[in-house]
Amino acid sequence: MCCPLKLLLMPVLLDYSLGLNDLIVSSLELTVHVGDSALMGCVFQSTEEKRVTKVDWMFSSGEHAKDDYVLYYYANLSVPVGRFQNRVRLVGDISRSDGSLLLQNVEEADQGTYTCEIRLEMESLVFKKAVVLHVLPEESKELMAHVGDSTQLGCVLQSTGEKRMTKVDWTFSSGEHAEEEVMLRYHSKLRVPVGNPQNRGRFQNRVTLVGDTSRNDASIMLQGVRESDRGSYTCSIHLGNLTFKKTTVLHVILKEPRTLVTPAALKPEILGGNQLVIIVGIVCGTILLLPVLILIVKNTHRNTSSGTSTTLVKSLENIQKADPEKHVYSSITTRELIEEEESSGRAEATYMTMHPVWPSLRSAPNNPPEEKSAGGIPKPEQAF
C-alpha cells in the first residue's frame, strides 16, 4: 500500500518543487503625479518560444491588505476589473511574452503594489513582477513666462517597462476653437526633431528637444517667449500603437517698463528676511521715544502759548500807547477843572460873603485904598 501511494504523490511533490524553484520575483518602484499615466512593464525573457496563456494584474494597498484584481488576460481576451475599468489597458505584446500595463488618470488611492503574473503554455512556471507605485499631488498644468524669457514644457511618460517612444508630436493652439499647429516632431529613426515647414517663421530656432528620449522624456525648451505664444501646448508620445498625451497651458506676462532704481526701491530687496526684525525694532524704538516726543510736544506747545501771550500783551500795550496823551490830558484836565471850579466857587463864595474893609482915613490918610476887582486886579480910579 505504501509504494502505490508514494508513486502517486511523487509527481505532485516534484511539480510543486519545480514550481517553487522556477518562480521568479522582482520589484521596481515608480513615482507619478495625480492625473498622470504610469506604464508598468511585465516582460518574461525566455530563449524558448512559448505562448502566454494567462496574465493577471493584482493590486494591494498595504502589507496586510487583500489583493484586488486590476486586469486579467485569458484566451486572447483582456478584461479590466473593479474601479480600474476604463483606466487600465494591456499594452504589451502577448506574442512576445509582454504583459505590460498602462494605468491612466492616476488617483491618490492607486498608491500601492501592483503584481503581474505570467503563465506559459504547458509550463508550471509562473513569472511574477511587482511594481511599487508612489503617487504625488497633482502637478500644475499651467505655466507662467515673461516676454523674452525661456520656459521648459515637460512631457514625461513614467515607465518601468522597456518600451521606448517611437515618435513625439508637439502641437500648439492659441484658443479653444483655433486650429492646432505642429511646432515640432521627433522620430526615433531620424534621431533629430523635425519642424513643421508651414510654421518655420513662428517657432523656428526657438524650440529645442531637451528630454531624454531613452526614458520616454519628450520635454522641450521654448526660447524667446513672445506674446503670441500664449495658448495650449500638447505633447503626444507614441509607443507603437500606444499614444500618451499631455497638455500644458502657457500664460505670457508682459514685462513692466523699467523705472529708476532708488534706495527706497532697493530697500525691500536689501532687507530680505530681516524685514520683520527691523520692523519690530522700529516699533520698539518708537515706543521708547514716545515719552520724549510727548515732552517735546508739550514744551513746544508751552513756548507757543507763551509767545502768544507775549504777543497779546504787546498788542494791548500798543493799543494803549496809540493815543496816550489824549487819555492822560483828558483825565488831568477834568481833575484840574473840578479843582479850579471848586476853588473858584470857594473863592467866589468867600468874595461874595466877605466885604472889603477899606482903611479908615485915620490909619492912612495919605494913601487911599486901591479898589480891586474880583480877580484881585486893581480897578482904575474913578471920579466920584
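This is a predicted model: local features need pLDDT of at least 70, side-chain atom pairs count only at pLDDT 80 or more; totals for chains, interfaces and linings use all residues.

Let me start with a definition: on a 1 Å grid over the protein atoms alone, a cavity is a set of points where a 1.4 Å probe fits but cannot get out, and its volume is the space filled by probe spheres set on the points.

Over the whole structure, the search finds one cavity of 30 Å³ or more. The volume of the largest cavity is about 30 Å³. Which residues line the largest cavity? They are His33, Val34 and Asp36, together with Glu139, Ser140 and Lys141, and also Lys246. Sorted by class, this lining comprises four charged residues, two polar residues and one nonpolar residue.

Proline 137 sits in the loop between β9 (126-136) and β10 (142-146). Is proline 137 buried or exposed? Its relative accessibility is 64%, so proline 137 counts as exposed. When neighbours within four places in sequence are left aside, proline 137 is in contact with His33 and Val34. Between the C-alpha atoms of proline 137 and valine 34 the separation is 5.5 Å, although the two residues are 103 residues apart along the chain.

I move now to the disulfides. How many disulfides does the count give? The count comes to two. In one of them, cysteine 42 is bonded to cysteine 116, with 2.0 Å between the sulfur atoms. This link of cysteine 42 and cysteine 116 is left-handed, with -75° about the S-S bond. Cysteine 42 belongs to the loop between β2 and β3 (52-60), and cysteine 116 to strand β8 (residues 112-120), so the pair ties together parts that are 74 residues apart in sequence. Cysteine 42 and cysteine 116 are both buried.

The other disulfide joins cysteine 155 to cysteine 235, again with an S to S distance of 2.0 Å. What parts of the chain does this pair tie together? Cysteine 155 is in the loop between β11 (151-153) and β12, while cysteine 235 is in strand β18 (residues 231-239), so the parts tied together are 80 residues apart in sequence. The torsion about the S-S bond of cysteine 155 and cysteine 235 is about -75°, so this disulfide is left-handed. Cysteine 155 and cysteine 235 are both buried. With the bonded cysteines of the chain numbered in sequence order, the pairing reads 1-2, 3-4.

An open sheet is formed by four strands in the order β6-β7-β2-β12, with mixed pairing. Its edge strands, β6 (88-90) and β12 (158-159), each pair on one side only. Within this sheet, β2 (residues 38-40) and β7 (residues 101-103) pair in the antiparallel sense over three bridges. Methionine 40 has leucine 101, in β7, as its bridge partner.

Finally, β4 (residues 68-74) and β5 (residues 77-80) pair in the antiparallel sense over four bridges. Tyrosine 72 has valine 79 in β5 as its bridge partner. Two residues lie between the strands of this β4 and β5 hairpin, and alanine 75 in the turn has a positive phi of about 55°.

Methods
Residues are numbered from 1 along each chain as its sequence is written. Side-chain values use heavy atoms; hydrogens and water are left out. Two strands pair if DSSP finds at least two bridges between them. On a 1 Å grid over the protein atoms alone, a cavity is a set of points where a 1.4 Å probe fits but cannot get out, and a pocket is an open set with protein on both sides within 12 Å along at least five of seven lines; lining residues have an atom within 4 Å of a point. Ala, Val, Leu, Ile, Met, Phe, Trp, Tyr, Cys and Pro count as nonpolar, Asp, Glu, Lys and Arg as charged, and the others, Gly among them, as polar. A disulfide is a pair of cysteine sulfur atoms within 2.5 Å. Buried means under 20% relative accessible area, exposed over 50%, partly exposed in between (1.4 Å probe, protein chains only). Contact means heavy atoms within 4.5 Å.
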